[in-house]
Amino acid sequence: LSRVSERSPILNGLISYWKLDEETGTRFDSHGSNHMTPQGNATHAPGIMGNALDPGEPATGYTTGAPILIPETGFTVWAWKKLSDISARAGIVQGLRDGTNTSWYLVHYQQNTWRFGVRDSSVIADSLAINTTSSAVDTWFFVCGRYNPATKKAEIRVNNSAWAVANNALANGPLQTVFVTEIGRYINTYTVGLTDSVGISGRYLSDEEVDMLYNEGAGLEYPF
């Protein structure tokens, strides 16, 4: 008798997922149509699963795609990051509201500091969650940020750490419009280290679903 495969719950509400396996050219969205165009010295290197996006030397490479609207009902972003310098800011994935300012971002900010920030729709303040999991070079880290629509706060987890929750809540909900979506960059300058297997979901993923994606440190590739 044949068995029908169960649909992964992570696919429910999934907006985009980039394997980043391509060696050159467009980095394709495996789930949707938000394909990414390489910028700077973008190249490839071995990833946690398949290949990863490498910023090259000098470290200027990243990818840029169309804006992705963020629902007020919650969203989650995740990726794998391998650092080459723990003292530098290392962009993972972000949405820009204009040429120089973020609407949300996931970043290794400096040694032992990982951040997930979501801008308020009033563009006055952020809900900023900071996770202090120890960072190291040449090690893959699973980084996941999610926006809780009940508390209106950002949350961030690194590997299988406890969730770090922002002190401040958004007054009006997340900023809806973005300029572009970028992988492997923070604001408009900071690019360092490898980035792999990036996903954006239009809902607040459960702890169990995030555990599935972490998969005890091995990762879980699309379609999960």
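I take helices (H or I, at least four residues) and strands (E, at least two) as DSSP runs, numbered from the N terminus. This is a predicted model: local features need pLDDT of at least 70, side-chain atom pairs count only at pLDDT 80 or more, and totals for chains, interfaces and linings use all residues. Residues are numbered from 1 along each chain as its sequence is written, and side-chain values use heavy atoms, with hydrogens and water left out.

Entry: Arg-89.
I found Arg-89 in the loop between β6 (75-82) and β7 (90-96). Arg-89 counts as partly exposed because its relative accessibility is 28%; buried is under 20%, exposed over 50%, partly exposed in between (1.4 Å probe, protein chains only). Beyond four places in sequence, Arg-89 is in contact (heavy atoms within 4.5 Å) with His-108, Tyr-109, Tyr-186, Tyr-190, Thr-191 and Val-192. Its side chain makes a polar contact with the side chain of Tyr-109, at 3.1 Å. By polar contact I mean a pair of N or O atoms within 3.5 Å; within protein, one must be able to donate a hydrogen and the other to accept it, and residues adjacent in sequence count only if both atoms are side-chain atoms.

Entry: Asp-120.
I located Asp-120 in the loop between β9 (113-119) and β10 (126-131). Which side chain of opposite charge is nearest to Asp-120? I found Lys-152, 7.0 Å away. Asp-120 is buried and has no salt bridge (a side-chain nitrogen of Lys or Arg within 4 Å of a carboxyl oxygen of Asp or Glu). For charge, Lys and Arg count as positive, Asp and Glu as negative; His and the chain ends are not counted. The Asp-120 side chain makes a polar contact with that of Ser-122, at 2.6 Å. A polar atom of the Asp-120 side chain also lies 2.8 Å from the backbone nitrogen of Asn-172.
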